[in-house]
Amino acid sequence: MTTDDPMTWDELLAEPFNIHSVATHNSVILESMRNMFDLTDGAVHRIMRADHLKLTQTLDEFGISYSSLAKALVPDHRRREIALLFDSTVASLSSNGWYAIDVAEAWMAGLPRPRKGVPVNSILRGDIVYPSRDVVQEVMDRNVVYHQPFSVIHPSQVYCVYVTNLSKEQASTLISSAAQHPAYIGHADCTDRSAFKEILGLSLPNSGLRVGDMILEGVAEPGDRANGAGLPFEELGFTPTPVIQGLFLPFLGYRINSHLTGQNHEDNRSALTILSPDAAHLEAPDIWMTPGRYGYLQDGKHRDSLEQAGLLALSQPELEAAVSKLVAQGYLYNLRLNEYGNLLYTALVDVKVENGQYRTFTIGLKFNPQDKRVELTTFF
C-alpha cells in the first residue's frame, strides 16, 4: 500500500504504532470535544489515531521522521533541562515592551548546532504565573544560579525560556549565550524534581520544537505562517515551520514532568485512550505481575533500580501495591502496539532516594484489553 492509498479504519487500528507522548495541558480542545459531543472512548481513540497519522504524514513532507523526535518529547534524566530567566522589566526598557523579542537572539544563538545527527529540543517560554511573590522568590533562591542579584517584584516579571534534551556541554553553551543579555537573571537546572520546576510546569506554554534548522510551531489554520511572535529565527539560521495546532499540541507539545498529583489526570486519560479505548479509565490501575516476572526483576539492572528506589525487599504483593501507587502519580509515555499485538507503555515516576534527592525511574507496563489488567514488565 502506498502512502497515497486510502486507509480503512480497520487497517489503521490494526497497524502497529509508537506514540512518544500525549499532552493536553496546553489545549482543552480534546477534552472540550469529548464533552460537547459526548464522544465514546472508542470515538476518541479513532480521532486521536487518525490525527497522529496526519501528523506523521505532515512531518514526512518536511523530511522529518516522527520516530526521530523521541528525545525531545520524552524526559531523560541523563539529559539536561535548562530554564533561562530574564527580567522582563529590564528587557522592556529597550524594546517598548517587546521583551520576548529583545532577549530572543541571546538564547537562540546558544541552541545546539548540528555535529552528529540532527539536534532536537523542545522549547517552552513565557512569564512565571504564580500568586505568591514570596514563594517564587524562595524557590528561585533555592534553585537558580544567579548571574546578577535579583528580587522578585511580581512573578510575571520573570520571563523564562525552557529548553530540553541538552548535554552538559550544550547546556553550558546555551547559558553562556543567554548571559550576554543585560536582562539575564540566571538559570536553573530543571533536570530533576524541584519546587521551582513544578511552578514552571504550571506556567510555561509550548513555544516550538526545534529539529535541526527548523522550528516547528503550532498554527491555527492551514496556510497560517509560523512565528507569529516575530522572533528572529531566520536571522539566526532557523526556518519557522507551521504545524496545525490540533496536531502539534497533543503530539509535539512537551510536558514538564514534575510531581503534580492530580495534574496528570487528563493527560494520562488521553494517553490511555489512544493506547486502547478499553484502557481509557485506568489512570490508577492495580498493577500485577507473574511470580516469574517478580523473580526476573530481582536480577541485573532491574535489581539495582529496585534497590535504589527502596523497593527491593518488598514481597510480590507489596511491590505490586507500591508500583500501582507510583504509576498513578506519574506521566505516561511510549504508547505502542507492537508487531505481536501487545499494547505497551511506560510510566515515568519520581522516587526519593537515600540522599534525599529524587530520581526518575521508568516503569514498563503491558495492558491486556481482554481483562483490562495492567502487568508490570520492567523497572529501570
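**Helix packing and burial in a predicted model**

Q: Why is helix 10 (residues 245-252) described as largely enclosed by the rest of the structure?
A: In this predicted model, the buried residues of helix 10 are L247, F248, L249, P250, F251 and L252. Helix 10 has eight residues, so it is largely enclosed because the number that are buried is six of the eight.

Q: How are helix 3 (residues 41-61) and helix 10 oriented relative to each other?
A: The axes of these two helices come within 10 Å and cross at roughly 100°. Angles of 65 to 115 degrees count as roughly perpendicular. Helix 3 and helix 10 are therefore roughly perpendicular to each other.

Q: Which residues of helix 10 make the contact with helix 3?
A: The axes of helix 3 and helix 10 come within 10 Å. On the side of helix 3, the contact is made by M48, D51, H52, K54, L55, T58 and L59. The residues of this contact divide into six nonpolar, two polar and two charged. On the side of helix 10, the residues are L247, F251 and L252.

Q: How do the residues of the contact of helix 7 with helix 9 divide into nonpolar, polar and charged?
A: Helix 7 contributes V135, V136, V139, M140, R142 and N143, which meet A195, F196 and I199 in helix 9. The residues of this contact divide into seven nonpolar, one polar and one charged.

Q: Is S194 buried or exposed, and which residue's backbone nitrogen does its side chain reach?
A: S194 is found in the loop between strand 6 (184-189) and helix 9 (195-203). Its relative accessibility is 14%, so S194 counts as buried. The side chain of S194 reaches, at 3.0 Å, the backbone nitrogen of K197.

Q: Which elements do the buried residues of helix 6 (residues 99-108) pack against?
A: In helix 6, the buried residues are A100, V103, A104, A106, W107 and M108. They pack against both strands and helices, namely strand 2 (80-87), helix 5 (88-93), strand 3 (120-127), strand 5 (158-166) and helix 8 (168-178).

Q: What separates the C-alpha atoms of Q308 and R359?
A: Q308 is found in helix 13 (residues 300-308), and at 39% relative accessibility it counts as partly exposed. Leaving aside residues up to four places away in sequence, Q308 touches V353, R359 and F361. Q308 and R359 are 51 residues apart along the chain, and their C-alpha atoms are separated by 8.8 Å.

Q: What radius of gyration does the protein chain have, and why does it agree with a compact globule?
A: The protein chain has 14 helices and 14 strands, and its C-alpha trace spans about 65 × 55 × 45 Å along its principal axes. With 380 residues, a compact globule would have a radius of gyration near 21 Å, so the value for the protein chain agrees at 21 Å.

Q: Of the contacts between residues at least 6 apart in sequence, what percentage join residues at least 24 apart?
A: Of the 380 residues of the protein chain, 52% count as buried. Among contacts between residues at least 6 apart in sequence, the share that joins residues at least 24 apart is 73%.

Methods: Residues are numbered from 1 along each chain as its sequence is written. This is a predicted model: local features need pLDDT of at least 70, side-chain atom pairs count only at pLDDT 80 or more; totals for chains, interfaces and linings use all residues. Side-chain values use heavy atoms; hydrogens and water are left out. Buried means under 20% relative accessible area, exposed over 50%, partly exposed in between (1.4 Å probe, protein chains only). Helices (H or I, at least four residues) and strands (E, at least two) are DSSP runs, numbered from the N terminus. A polar contact is a pair of N or O atoms within 3.5 Å; within protein, one must be able to donate a hydrogen and the other to accept it, and residues adjacent in sequence count only if both atoms are side-chain atoms. Contact means heavy atoms within 4.5 Å. Ala, Val, Leu, Ile, Met, Phe, Trp, Tyr, Cys and Pro count as nonpolar, Asp, Glu, Lys and Arg as charged, and the others, Gly among them, as polar. The radius of gyration is taken over C-alpha atoms; the globule rule is 2.2 Å times the number of residues to the power 0.38. Axes are lines fitted to C-alpha atoms, for helices over the stretch in contact, and angles run from 0 to 180 degrees between N-to-C directions. Angles under 35 degrees count as roughly parallel, over 145 as roughly antiparallel, 65 to 115 as roughly perpendicular and the rest as oblique.
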